[in-house]
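Please open the model in a viewer and keep the selection panel at hand. The stops below are meant to be followed in order.

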Amino acid sequence: MRWKSALVAAVMLGCASPAFAQESAGRSLDEIAPEIDALFARYQADQHIPGLVYGIVQDGKLVYLKGRGVQDVATGTPVDGDTLFRIASMTKAFTALAVLNLRDRGKLRLDDLAEDYVPEMKRWTYPTADSPRIRVRDLLHHVAGFVTDDPWGDRQQILSQDDFTKMLTAGVPFTQAPQSRFEYSNFGYALLGRIVANASGMPYADYVRITILRPLGMEASGYDVTSAPRAHYARGYRWEGETWVPEPEMADGAFNSMGGLQVSARDYAKWVAFMLSAWPPRNETDAGPIRRATVREIAQGLNFVSLATRAGASGETACKQAAAYGMGWRVAQDCELGLTLSHGGGYPGYGSHVMLMPDFGAGVFALSNRTYAGPSAPAWDTAVAMEKAGLLKTRPAPVTPDMAAMIAAVRAVYDAGDLTPMQDRLAMNFLMDRSAALWAKDLAALKDQLGACPTAEPPVARGALGAVFRLNCERGKLDGQILLAPTHPLTVQALRLRPARD
């Protein structure tokens with residue numbers, strides 16, 4: 001079966017060389033800080049942004065924070081880490097986690113029908129006779145069949161709960177059958193806010209404050225803009241012609257759950273650190289307000305994957321991303337930055353962006369007070385600059401004792417020139433895929449080329465049942481990859497040895 005070799009190569013065999021590449025000395029964050037500042041300064045000038053704050057979180061700490069410009073054009077008060085900005089659609093990540101937390105508490109299930117919690121939906125007319133009824137999960141992933149509604153949805157913040165109920169009772173038009181494809185919907189996340197309220201028995205904003213904001217120490221953050229202290233309030237503006245025009249303040253309402261949260265940079269950094277702390281999976285006790293496994297669940301898309309171009313200056317030349325919408329986050333695999341979770345925020349008076357790199361425990365975010373000025377380009381360019389400077393360090397999974405013993409057996413096989421030292425550790429497929437005689441021939445050829453291999457570099461785990469390793473030989477280096485079978489006792493299903501290419 002041809003898929004077998006392709007799968008092994010893609011999952012673990014093709015990854016050996018990068019794991020052992022020689023690392024350069026790299027540059028410190030202080031050294032690249034002028035480059036980062038220049039990225040955001042250029043964006044601020046090009047987009048006519050009154051005030052901009054950006055930060056970098058790494059290994060659980062806010063390691064860089066910078067403010068530029070003013071929080072109010074009239075007063076000239078400078079922005080800083082305590083200035084409060086609305087983060088618009090970056091709010092959706094809090095809403096999604098609130099839903100998952102209710103699931104963990106047994107208050108709802110993701111595959112429940114949304115109408116079980118929003119009874120007004122029961123009389124809706126669906127677009128086709130074979131349309132599935134909307135699940136809670138469909139709303140999280142933007143596959144409920146609603147139309148993209150940024151221009152309209154962004155002005156619904158002040159809609160009262162009573163008026164929202166009337167809207168739900170009247171029903172809404174669909175643009176397509178539910179579950180047929182992804183289409184971004186602010187209205188769908190407003191529905192999730194109603195679900196959070198009805199399932200928890202308290203207003204949506206209170207639930208998020210009690211279960212997420214307060215436990216994380218985000219005391220300055222909240223949904224009621226009108227009560228925000230004026231000394232720290234970033235006035236929202238739009239750019240018209242050659243001047244800034246103040247946007248009207250929008251108090252909290254029925255659409256809070258899609259974009260209404262207001263945060264300071266220092267508060268938001270706590271959220272970013274909490275999110276990143278969910279990776280990698282480990283045995284230590286959960287210390288956060290929501291389980292690490294639940295946080296990691298947000299990265300699961302619904303298979304509506306598309307090719308995407310990375311934001312920023314490197315986008316046109318970088319390899320394409322495979323992207324989908326998870327739960328409140330855009331999830332993409334990037335060939336240089338690994339798994340990325342990101343989201344923009346565009347709102348009357350505000351623009352924001354956040355991108356997380358869980359493989360490296362790092363994230364970049366930026367908040368601004370100009371309509372739809374979401375600083376995605378400088379945020380991603382900052383991440384790329386960190387990668388090029390050698391500041392993104394992977395957090396490797398530990399090599400298990402069983403895997404270490406298997407690698408020791410492989411070294412014994414190389415020394416012996418045949419499979420005898422590990423003949424009782426081979427899976428049933430191993431010799432069917434390649435005979436012992438051919439292994440002996442290939443081992444002899446490797447030893448003729450490289451000689452003895454007396455030392456080894458630390459192996460790199462690819463999960464508990466896979467690893468790559470490198471042996472230091474007399475005339476070069478030998479790269480190895482090993483994959484164990486899903487059996488007890490553990491046995492080797494695949495092994496590859498080849499001279500190192502670097």
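Predicted model: local features only at pLDDT ≥ 70, side-chain atom pairs only at ≥ 80, totals over all residues.

Residues are numbered from 1 along each chain as its sequence is written, and side-chain values use heavy atoms, with hydrogens and water left out.

Select residues 29-47, helix α3; helices (H or I, at least four residues) and strands (E, at least two) are DSSP runs, numbered from the N terminus. Its 19 residues should span 27 Å at 1.5 Å a residue, and the end C-alpha atoms, 26 Å apart, agree with this; the expected span is 1.5 Å times one less than the number of residues. Now colour the buried residues of α3: Leu 29, Ile 32, Ala 33, Ile 36, Asp 37, Leu 39, Phe 40, Tyr 43 and Gln 44. Buried means under 20% relative accessible area, exposed over 50%, and partly exposed in between (1.4 Å probe, protein chains only). Their cover includes β1 (51-58), β2 (61-69), β12 (362-368) and α13 (376-388).

Although His 48 is not a glycine, its phi is positive, about 55°; the residue is partly exposed, with a relative accessible area of 30%. Asp 59, in the loop between β1 and β2, is another non-glycine residue with a positive phi, near 50°. Asp 59 counts as exposed because its relative accessibility is 55%.

**Two helix pairs**

Display α4 (residues 92-104) with α9 (residues 204-213): they pack at about 80°, with axes 10 Å apart. Axes are lines fitted to C-alpha atoms, for helices over the stretch in contact, and angles run from 0 to 180 degrees between N-to-C directions. The pair is therefore roughly perpendicular, a term for angles of 65 to 115 degrees. The contact residues divide into 9 nonpolar, 3 polar and no charged. Here Ala, Val, Leu, Ile, Met, Phe, Trp, Tyr, Cys and Pro count as nonpolar, Asp, Glu, Lys and Arg as charged, and the others, Gly among them, as polar.

Then select α14 (residues 401-416) and α16 (residues 436-450), whose axes come within 9 Å and cross at roughly 80°. Val 413, Tyr 414 and Asp 415 of α14 meet Leu 443, Leu 446, Lys 447 and Leu 450 of α16. This contact comprises 5 nonpolar, no polar and 2 charged residues.

**Two buried residues**

Centre on His 142, in the loop between α5 (136-140) and α6 (150-153). His 142 is buried, at 3% relative accessibility. Which residues does His 142 touch, not counting those up to four places away in sequence? They are Lys 92, Arg 181, Phe 182, Glu 183, Tyr 184, Ser 185, Tyr 189 and Tyr 325.

Thr 340, in strand β10 (residues 338-347), is buried at 0% relative accessibility. Beyond four places in sequence, Thr 340 touches residues including Gln 321, Arg 330, Met 355 and Trp 380.

**Cis peptide bonds**

Finish at the bond between Trp 279 and Pro 280, which is cis with omega about -10°; Pro 280 is in the loop between α11 (265-276) and α12 (292-297). A cis peptide bond also joins His 488 and Pro 489, with omega about -5°.

Notes: Contact = heavy atoms within 4.5 Å. Parallel < 35°, antiparallel > 145°, perpendicular 65-115°, else oblique.
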